[in-house]
Amino acid sequence: MCLATGGAVALYFYNDMTSCRGRKRMGSHSINGLLPAIPTVEAKEKERPFDFEEGDVYMSSHEHRFRTFSSVEYDGQLYMTPQNFIESVTMNEPRNKKPWRSLAKQELEKVLSETPPVWRGSSKLFRNLRERGIISYTEYLFLLCILTKPHAGFKIAFNMFDADGNQMVDKREFLVLQEIFRKKNEKKGRKGDVDKSAQLRADESITIDTTLLVHFFGKKGKAELTFDDFYRFMDNLQTEVLEIEFLTYSKGMTTISEEDFAKILLRFTNVENISAYLENVRHCIPDEKGITFDEFRSFFQFLNNLEDFAIAMQMYNFASRSIGQDEFARAVYVATGLKLTRHLVNTIFKIFDVDHDDQLSYKEFIGIMKDRLHRGGRGYKSVERATSFKSCLKKELASR
């Protein structure tokens, strides 16, 4: 039953992966043959760096970001700490980049023994754990899915594996579920050349216990995870990340400025002239009212349903109709069930309506927000830095 339903869920969630059918997996962990591949990232430096000039990506942007923010090594593999993960989705660079710290078996056991059970979870879980925990590469991709995908997809997948209908899954079933969403989140390399991807280790042993696995299934791995507990975990994680971003700008106040809201939205995007967008806000909203945390949270909940919203937006495009504020608010509600405040919708328009026609086009908004949704997973920062360096180098050579 699990194998059959697993196949159905896999087909449902990543039929877009069929284009990668010929791509060879570089390394994996196998769970008794049930999981096709659980990749891990080796704790050793690569033989050569990125070559953006030739369109070459030696490792995927997700792998590169994981390696950049990871700080712990165990049994030859890299892991993030909870603090590392929070920094990877809220910051451009690690706060304090240090050499990887090797964990002994006894140290790991002690760290995992301090992991709270899922029923004691909160929206401060990762901040409370800080450096006391490990997160694998597969779990990193899975957590990114939680931050960027609608909850409805997880509910469907959870129910597919819940063969007896008791709203619970065990550790083995969860690992399959996690792998499906990991594949959904992992994108094909720029050239699809297996030799230019990050080297991953093949290992047929059972997966090492991590903070998430102990949190969900207990120290012995025998507990079962209910969807209610898992839903709370997803909601708490999203709240925790958004609180950190909001508090960075609110400075203890109950609101952030419209300009700060724009800065947060445009982070992790490839927008070249951010100052033009910020100038829109200063010029069009001279009297600052502020964005509350509830408004901030509702926008990012909407953003997680961006694909459904994009369909509604395309309907207007097909009908050659422009998108005004009322149409935008209606499309959000129809696609997601969320009611954005009039002030929030007006602020969004003032940020993205760069041609000042009080209309919003598919290109003006959807394209930029798709970048934002990936929270640095598209490698924007590295590309930006490489391009800037090469531009400076060319100018220097030309001047000589």
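A nonpolar core is a set of buried Ala, Val, Leu, Ile, Met, Phe, Trp, Tyr and Cys residues joined through side-chain atoms within 4.5 Å. The views below come from a predicted model.

**View 1. The largest nonpolar core holds 43 residues.** Phe85, Phe174 and Phe230 touch the most other members of this core. H2 (61–69), H3 (82–90), H5 (125–129) and H6 (137–148) each supply at least two residues. The largest share, 9 residues, comes from H6. A second, separate core has 42 residues. Phe261, Ala262, Ile348 and Phe349 are among them. In soluble globular proteins, nonpolar side chains tend to be buried together.

**View 2. Phe174 and its contacts.** Leaving aside residues up to four places away in sequence, Phe174 touches Phe142, Val169, Leu213, Phe216, Phe217, Leu225 and Phe230. Phe174 also belongs to a cluster linked by ring pairs.

**View 3. Phe216 and Phe230 meet edge-to-face.** The model contains 32 aromatic pairs. In this one, the ring centres lie 6.0 Å apart. The planes stand at 75 degrees, and over 60 counts as edge-to-face, so the pair takes that label. Phe216 sits in helix H9 (residues 211–217) and Phe230 in helix H10 (residues 227–250). The pair links distant parts of the chain, 14 residues apart. Phe216 and Phe230 are both buried.

**View 4. Phe246 and Phe293 form another edge-to-face pair.** Here the distance is 5.4 Å centre to centre, with 80 degrees between the planes. Phe246 belongs to helix H10, and Phe293 to helix H13 (residues 293–303). The two residues are 47 residues apart. Both are buried.

**View 5. Lys339 sits over the ring of Tyr333.** The charged end of Lys339 is 5.4 Å from the centre of that ring.

**View 6. An open sheet of 3 strands.** The strand order is E2-E1-E3, and the pairing is mixed. Strand E2 (77–79) and strand E3 (101–102) are the edge strands, each pairing on one side only. Strand E1 (residues 72–74) runs parallel to E3, and 2 bridges join them. Glu73 has Ser102 in E3 as its bridge partner. Strands of a sheet pair through backbone hydrogen bonds, either parallel or antiparallel.

**View 7. Lys110 and Glu114 in a salt-bridge network.** The whole structure has 12 salt bridges. Between Lys110 and Glu114, the closest N and O atoms are 2.9 Å apart. Arg132 is linked with these two residues in the network. Lys110 counts as exposed, at 53% relative accessibility. Glu114 is partly exposed, at 34%.

**View 8. Lys171 and Asp209 form a salt bridge.** Their closest N and O atoms are 2.6 Å apart. Lys171 lies in helix H8, while Asp209 lies in the loop between H8 and H9. The pair therefore ties together parts that are 38 residues apart in sequence. Asp209 is partly exposed, with a relative accessible area of 27%.

View 9. Lys263 is partly exposed, at 31%.

Note on methods:
Residues are numbered from 1 along each chain as its sequence is written. This is a predicted model: local features need pLDDT of at least 70, side-chain atom pairs count only at pLDDT 80 or more; totals for chains, interfaces and linings use all residues. Side-chain values use heavy atoms; hydrogens and water are left out. Rings of Phe, Tyr and Trp (its six-membered ring) pair if their centres lie within 6.5 Å; planes under 30 degrees apart count as stacked, over 60 as edge-to-face and the rest as tilted. Helices (H or I, at least four residues) and strands (E, at least two) are DSSP runs, numbered from the N terminus. Buried means under 20% relative accessible area, exposed over 50%, partly exposed in between (1.4 Å probe, protein chains only). A charge sits over a ring if NZ of Lys or CZ of Arg is within 6 Å of the ring centre and within 35 degrees of the ring normal. Contact means heavy atoms within 4.5 Å. Two strands pair if DSSP finds at least two bridges between them. A salt bridge is a side-chain nitrogen of Lys or Arg within 4 Å of a carboxyl oxygen of Asp or Glu.
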